[in-house]
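Trainee: I'm new to this one. Can you walk me through a few spots?
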Amino acid sequence: MARHSKFRACPLCEAICGLELQYEDGRLAAIRGDDADPFSRGHICPKGNAILDLENDPDRLRRPMRRENGQWHEISWDEAFTFAGERLAAIQAEHGAAAIGAYLGNPNVHHFGHIAYLPALLKLIRSPNVFSASSVDQWPHQLVNAQMYGHQFLLPIPDIDHTDYFLMLGANPIASNGSLMTVPDVRARIKALTARGKLVVIDPRRTETAELASEHHFITPAGDVYFLIAFLQALQQLGPPRLNAYAGKLQGFEQAITAIGAFRIADIAKRTAIPAETITRMASDFYQAPRAVAYGRMGVSVQAHGSLCQWLLQLINLYTGNLDKPGGALVNDAVLPITGPGTSPGARGRWHSRVRGLPEFAGELPVSALCEEISTPGPGQIRALITSAGNPVLSTPDGVALDAALSGLDFMLSIDIYINESTRHADLILPPASFLTQDHYDSVFNAFAVRRVARLNRPVQERSLEERADWEIINGLGAAFAAASGREWRTLPPPKALIAAGLARGSSGLSMAELEAAEHGIDLGPLRPSLLERLETPSGCIEAAPELFMQALAELQSQALPEIDAASLMLIGRRDIRSNNSWMHNAPRLVKGKPRHQLLMHADDLQSRHLIDGQQVRVRSSTGEIIVDVKACNELMRGVVCLPHGFGHQRVGLQLRRAEAVTGPSYNDLTGRTALDGPSGNAALNGVPVWVEAL
Ligand SMILES: Nc1nc2c(c(=O)[nH]1)N[C@H]1C(S)=C(S)[C@@H](COP(=O)(O)OP(=O)(O)OC[C@H]3O[C@@H](n4cnc5c(=O)[nH]c(N)nc54)[C@H](O)[C@@H]3O)O[C@H]1N2
Ligand SMILES: Nc1nc2c(c(=O)[nH]1)N[C@H]1C(S)=C(S)[C@@H](COP(=O)(O)OP(=O)(O)OC[C@H]3O[C@@H](n4cnc5c(=O)[nH]c(N)nc54)[C@H](O)[C@@H]3O)O[C@H]1N2
Ligand code: SF4
Ligand SMILES: [Mo]
C-alpha cells in the first residue's frame, strides 16, 4: 500500500490548525494534527477529523442542481451559469438594482476562493441589499475598530501567551477554539496563562473555559455594559490613566472618561449580579498587573449593548496602558494586509435599508432587515437572492419568518454544498469542489492570530473534471450575468496570483517561493506594537470618544430599567466542541453519542415551575415558540436558560440524511428582528426573554 502525508490548515474554524492528511493509495485515509506546524503544534479537534466525513458525504453536492416543480435534477455547469445570469439580469432589468439581494455566510471567510472573489461579483451586481453573518456576529468589534482606529480590521487581539491578567467576557474558547483571536491549542495556552497569571471569566454559565479559569463570575445577560462602566469607574478611583505611550496619538480620552465617570448606576449588583466590591477588586488586580488585557466575544457582542461593550473594553485597555503593548492587546501586522490602501475601512450610514431605515455598515445592511426587504412589496423589494455559504434560516433572527419569505422569492441562487434549511428554497445550487483541491491563504484569520504567522496551502488532491472551484464559479456567474445585462466582467485570475499580489502589497519581505516551501506554515514571532503607526482615522489619532458611542451612553443613562416579568427567563446560547454553527450535523463523527440540543436550566428554576429534568417543555418568546427537552444544570445562573443554535433540521425537502435524524429545535425561531445593538445594527441574540412551561 502506498502511503504518504500532505499538510494543510483546517478551514473549519478560526484556529486554522495544521492538519496532517494521510493518504493511502491516493485516498484520504486519516487526519491528524500536524506536529510540525509551529503555531498549532499538533492540535486538532473532532471537527478536523470530521473532514473525512465531509469529503465522503453522499449528501454533498458535486454538480449544479436545479429545482423545477419541486424536483431537483443535475444540469451542466454551462447551463447553470447561463440560467443564473439570465434570470438575475432579467429581474434586475425589470425591477432595478436593489431587486437582487445577497447573503454571505460564515464559511466564505474561511476560503480564499470565496472571500477574495465575491466582492467583484457584488460590485458587478451593484445592489444596496448585501447582508452577511457579520451582523449576527462581530459587527460591534468592526464598528468600534473603524470609529476608534479608522479601520474595521485594526483589531486589537489579546496577547494571550504573554499577558499576566486576562479578563474575558462572553467567550468560551475551550468550545469555540477562539474567535477574533486565532488561537490554536487554546487549552495549553490557557494552562500556561493560569500558571503564570490569571484568567478571569465573566459569563452567565460556568463554561468549559470558566472551569479552567482562575476566577469565574456569573453575570446577568446583557448586564456587561454596567459591569464595564463600573470597572472603568473603579479604575478612576485607583489611579491615573497610563497614557504616556499614546502621547500625541490620542483624542477624546478625557471626554469619554468624564462621561463614564458621571454615569450613575442605581444598583450595580442588581443589574449585573456582581457586587460592587468584587468589581473594584478585579479592577485593582487588573490595574496592578504588569501586563493585562480585557476581551469580549459573542456573549458581549451579540446582545443589546454590543458596541458599547466593545468600546468600553478598548477604554479599559487604554486606561491601563495595555493597548498596543506586549502582553496587552495588539494588532497583527499580517503578511497579506487586510488594512491600509485599497481595503474597506468600515464606513457607516452611506445608505439605509428601505423598510426600516437601518444604516449600512461596511457595505452591508443588518441581516435582521433581510426578511422584511424580501416580503414588503414596493419599489426596491428584493425579488432574487444569492446566498453564498450561508444558512440564514437557522442562523439569523426569526428564522420562521425568513423561511417563509424565501419561499416567495422569484429566484434564489445558492453557492453551497448541501440542500439544507435555506438552500431548499433555491432554484439553483452551485457547489464548489473540496477545499483540498485548491490553493488557499487564510487572509483573515492569519491577520487575527495571536502570533505573526503565514501559510500558503497548496492543493493536496486532484479535482475531478465535473467539479468547479469556488473562484471558478464566481467567474462563471460574473461572466454570465455581465453577458446577459450588457455589462463587463474581467475574469479574475486564480488564487495564487491574487495571493502573490496580496503578499506584494505587504511589507513582510516574504516571497511566494518561501511561502510555498513552508508546507507547515511560517511563524514570524509574537505580536508587536504597530497600531499607533497604522491608525487610519482622519485625525491620525485614536478616537476615544466617537460621537456614536457617546450618544449611546447618554441614551443608556436615560433608559429606565426594562420591566422584567418575574416569570420570564433570559435565554443565552452555547457552542459545543462538536458543532459548527448549523451545518455539520451531517457528519457521523460529530453527532454520535449523547444528545447536545437540550435547554439547560438551573434545578431551582425547574422546581419553581414544577418541571423535571429531561421532560419536554414549551419555550415561548415574543417572536415564536419551540418545543425542547430540558436538562437540569447548576453550572448556569438562576433565571437564565441556555440553548445551542444551529439545530432545527426537521423540515421538508432537505437532503441531509444524517442531520435530519438529529433532534433539537432552532434557537432562532425564538429571536426577534427588532432586538438590535443600536449603533451597529448587530442582532441581539443573547439575553432574550423567554417563558418556559410544561408541554
Ligand atoms: N442564536 C444564535 N444564532 C447565531 C449564532 C449564535 O451564537 N446564536 N452565531 C452566529 C454566528 S457567530 C455566525 S458566524 C452565523 C453563521 O451563519 P451562517 O454562515 O449563515 O450559517 P452556517 O451554519 O455557518 O452555514 C454555512 C453554510 O455554508 C455551507 N458551506 C459549508 N462549507 C462550504 C463551502 O466550502 N462553500 C460553500 N459555498 N458553502 C459551504 C453550508 O452548507 C451552510 O449552508 O450564525 C449566527 N447565528
Ligand atoms: N465548536 C464550535 N466552535 C465554533 C463555532 C461553533 O459553532 N462550534 N462557531 C465559530 C464562530 S462562527 C464563532 S463567531 C465563534 C464564537 O466564539 P465564542 O464567542 O468564544 O463562543 P460562544 O460559545 O458563543 O461564547 C459565548 C459565551 O458568551 C456567554 N454569554 C451569553 N450571553 C452573555 C452575556 O450577556 N454576557 C456575558 N458576559 N456572556 C454571555 C455564553 O454563555 C458563552 O459562554 O466560535 C467559532 N467556533
Ligand atoms: S480547532 Fe478549528 S481549525 Fe482546529 S481542527 Fe478544530 S475546527 Fe479545525
Ligand atoms: Mo461567527
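Mentor: One term to begin with. Buried means under 20% relative accessible area, exposed means over 50%, and partly exposed lies in between, using a 1.4 Å probe and protein chains only. This is a predicted model, where local features need pLDDT of at least 70, side-chain atom pairs count only at pLDDT 80 or more, and totals for chains, interfaces and linings use all residues. Residues are numbered from 1 along each chain as its sequence is written, and side-chain values use heavy atoms, with hydrogens and water left out.

Trainee: Okay. Is H597 buried or exposed?
Mentor: H597 counts as buried, because its relative accessibility is 6%.

Trainee: Where is H597 in the chain?
Mentor: H597 is in the loop between α24 (588-591) and β26 (599-601). Those labels are DSSP runs numbered from the N terminus: helices are H or I with at least four residues, strands are E with at least two.

Trainee: What is H597 in contact with?
Mentor: Contact means heavy atoms within 4.5 Å. Leaving aside neighbours within four places in sequence, H597 contacts R574, V628, D629, L643, P644, F647, T663 and G664.

Trainee: And how far is H597 from P495?
Mentor: Their C-alpha atoms are 39 Å apart in space, and the two residues are 102 residues apart in sequence.

Trainee: Next, L685. Where is that?
Mentor: L685 is in the loop between β29 (640-644) and β30 (688-694). L685 is buried, with 10% relative accessible area.

Trainee: Which residues does L685 touch?
Mentor: Not counting residues up to four places away in sequence, L685 touches V136, V302, P397, L571, Y667, N668 and T671.

Trainee: Let's switch to helices. How do α10 and α15 pack?
Mentor: Helix α10 (residues 224-238) and helix α15 (residues 306-319) pack at about 20 degrees, with axes 9 Å apart. That makes α10 roughly parallel to α15.

Trainee: What counts as roughly parallel?
Mentor: Angles under 35 degrees do; over 145 is roughly antiparallel, 65 to 115 roughly perpendicular, and the rest oblique. Axes are lines fitted to C-alpha atoms, for helices over the stretch in contact, and angles run from 0 to 180 degrees between N-to-C directions.

Trainee: Which residues make the contact of α10 with α15?
Mentor: From α10, they are D224, V225, L228, I229, F231, L232, L235 and Q236. From α15, they are L308, C309, L312, L313, L315, I316 and Y319. They divide into 13 nonpolar, one polar and one charged. Here Ala, Val, Leu, Ile, Met, Phe, Trp, Tyr, Cys and Pro count as nonpolar, Asp, Glu, Lys and Arg as charged, and the others, Gly among them, as polar.

Trainee: How does α11 pack with α15?
Mentor: Helix α11 (residues 253-262) packs with α15 at about 115 degrees, with axes 12 Å apart. The two are therefore roughly perpendicular to each other.

Trainee: Which residues meet there?
Mentor: F253, A256, I257 and I260 in α11 meet W311, L312, L315, L318 and Y319 in α15. The residues of that contact are nine nonpolar, no polar and no charged.

Trainee: New topic: which residues of α18 are buried?
Mentor: In helix α18 (residues 399-407), G399, L402, D403, A405 and L406 are buried. They sit on the same side of α18, because they cover an arc of only 165 degrees around the axis. The arc is that of the directions from the helix axis to the C-beta atoms.

Trainee: What is on the face turned away?
Mentor: That face of α18 carries the exposed residues A404 and S407.

Trainee: And what covers the buried residues of α18?
Mentor: The cover includes α16 (370-375), β17 (384-388), α17 (392-395) and β18 (411-415).

Methods. Chains are lettered from A and ligands numbered from 1 in the order in which they are written.
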